[in-house]
Amino acid sequence: MVLKILVIGLGSMGKRRIRLLKAINSSIVVYGVDKDNERCIQVSNEYKIKTYTNLSDVLYGMDIKPDAAIISTSPLSHAAIISECLAAGLDVFTELNLVSDKYEENIKQAASKGKVLFLSSTFLYRDEIQYIWKKAESCNTVLNYTYHVGQYLPDWHPWEDYRDFFVSDKRTDGCREIFAVEFPWLQKVFGPVKDFNVIKGKSSLLDVDYPDTYHLLLYHENGTMGSLQVDVVSRKAVRNLEIYGGDIYLLWDGTPEGLKLYNYEAKKYENIILYDNVEHMEGYSRFVIENAYQNELEAFLEEVSGRKAAKYSFEEDMETLRLIDMIEGKA
C-alpha cells in the first residue's frame, strides 16, 4: 500500500520534513498545505508535490484520503489542527507544541480512534544522546553535570525578523523552546527533576517581553545534580555539556565530532565518532544536523506500522511542560 502523508505548514520545518520523507522512501506520496499561496507555489515547484491552501478541503473535500499528517505550523496552532486530523482518521506527527492546549482531549481522541499521536523530540534521536544515556546508566556513582545552551535570537531564523515568528510570543518564547528541546532527554538520561532553584532576567536589548537568560540548579530524583544555563543572547551558538562523577568525565559541544570521553587510566581524551555520514543544512548552526530529524520520522513510520513505540509521548510532555511552567513562574 502506498502511504500518503500530508505536511501541514510549509515553512522551514515543513520543507525539511518533505525533503526527509522523500529520502526515507521515494514511494511515499507527499502533499502540502499552507494558508500562504506563495509558499504553496514555491514548495510545489521545488519538491514536485501537490499543495493546497485549505486543510478542510484536503481532509474532506477531495479524494486524496491521506493516511497521516505532519504538523509543522507555529506551536499555538497545533492543538486545533491535531484534533482536526485525528477526527479525519489520520495518524499525527507534530513538531514541538510548547503549550499543553487540548493535550488530554487529543490523547483520548487518538486512543479512541486507534491512531498514533507522535511528538517530535529530536534530541532523543541523536546518536550522541543515546551514547550518553548508555554511559550514564553504566555508572556506579551519582552524576553531576553543567550544561549551557544559548544562541542569539535574531540568528535563529536569519531569513526573517525574530519578531515575526513564534519566539516573539511570551507563551512560546525562545527560552521556553530550548527548555522543551532539552528537558525530555535530560530527564530520560538523569531521571525526573525533583527540585530546582532558578534565577532569570533580561540581559539584552532584544525586543522581547520575557526573560532572555535563565540559570538553574537542578536536583534529580536519583541524586544527580545539574547546572543548566539557557539563553537567547549568546552571540556564538553554544551547546556545552560536561558530565562528571566518580567513574566518568565526558564533554560534548553539540556537534557530531565534539563528543569526548576522558580515559582516566590513560589520562587522555577519546574522541567518540558515531556517524558514518552527517547531513547538515547550510544556514543552521553546526549542532543542527538532519540525521536526527530523519531518525524521528522513521520512528513515526515504525509506530504507525505497529513495529515500535516512540521514545517520547504526549503524556510525558505534559509533565515536561508543567516543569517549564514552574521554572517560568507560571505555576
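Q: What lines the second largest pocket?
A: In this predicted model, the lining of the second largest pocket consists of Tyr 125, Asp 127, Gln 130, Asn 295, Glu 298, Ala 299, Glu 302, Lys 308, Ala 309, Ala 310 and Lys 311. The volume of this pocket is about 230 Å³.

Q: Which elements give two or more residues to the lining of the second largest pocket, and which gives the most?
A: Helix 6 (127-138) and helix 8 (290-304) each give two or more. Helix 8 gives the most, with four residues.

Q: How is the lining of the second largest pocket divided by class?
A: There are five charged, four nonpolar and two polar residues. Asp, Glu, Lys and Arg count as charged, and Lys 308 and Lys 311 are among the lining residues.

Q: What is known of the largest cavity, and what lines it?
A: The structure holds one cavity of 30 Å³ or more, and the largest cavity has a volume of about 50 Å³. Its lining is made up of Pro 75, Leu 76, His 78, Ala 79, Ile 82, Asn 97, Val 99, Asp 101, Tyr 103 and Asn 106. Helix 4 (78-87) and helix 5 (103-113) each supply at least two of the lining residues, and helix 4 has the largest share, with three. By class, six are nonpolar, three polar and one charged.

Q: Why is the pair of Tyr 147 and Trp 185 called edge-to-face?
A: The ring centres are 5.6 Å apart, and rings pair if their centres lie within 6.5 Å. The planes stand at 70 degrees, and an angle over 60 counts as edge-to-face, so the pair of Tyr 147 and Trp 185 is edge-to-face. A search of the whole structure finds 16 aromatic pairs.

Q: What parts does the pair of Tyr 147 and Trp 185 tie together?
A: Tyr 147 belongs to strand 7 (residues 144-150) and Trp 185 to helix 7 (residues 174-190), so the pair ties together parts that are 38 residues apart in sequence. Both Tyr 147 and Trp 185 are buried.

Q: What makes Phe 165 and Phe 166 an edge-to-face pair?
A: Their centres are 5.6 Å apart, within the 6.5 Å limit, and their planes are 85 degrees apart, over the 60 required; therefore the pair of Phe 165 and Phe 166 is edge-to-face.

Q: Which residues form one aromatic cluster?
A: The cluster is formed by Phe 93, Phe 118, Tyr 125 and Phe 300. Tyr 125 also lines the second largest pocket.

Q: How do you know that the charged end of Arg 126 sits over the ring of Phe 123?
A: The charged end of Arg 126 is 5.3 Å from the centre of the Phe 123 ring, and the limit on this distance is 6 Å. Arg 235 lies over the face of Tyr 152, at 3.8 Å from the ring centre.

Q: Where is Thr 122 found, and why does it count as buried?
A: Thr 122 is in the loop between strand 6 (117-119) and helix 6. Its relative accessibility is 15%, under the 20% limit, so Thr 122 counts as buried.

Q: What joins the side chains of Thr 122 and Glu 296?
A: They are joined by a polar contact of 2.9 Å, and the cut-off for such a contact is 3.5 Å.

Key
Residues numbered from 1 in each chain as written. Predicted model: local features only at pLDDT ≥ 70, side-chain atom pairs only at ≥ 80, totals over all residues. Heavy atoms only, no water. Phe/Tyr/Trp six-rings, centres within 6.5 Å; stacked < 30°, edge-to-face > 60°. Buried < 20%, exposed > 50% of the residue type's maximum accessible area, 1.4 Å probe, protein only. Lys NZ or Arg CZ within 6 Å of the ring centre and 35° of its normal. 1 Å grid on protein atoms, 1.4 Å probe; cavity = no way out; pocket = protein on both sides within 12 Å on 5 of 7 lines; lining within 4 Å. Points joined across faces, edges and corners; volume = space filled by probe spheres on them. Polar contact = N/O pair within 3.5 Å; in protein donor to acceptor, adjacent residues only side chain to side chain.
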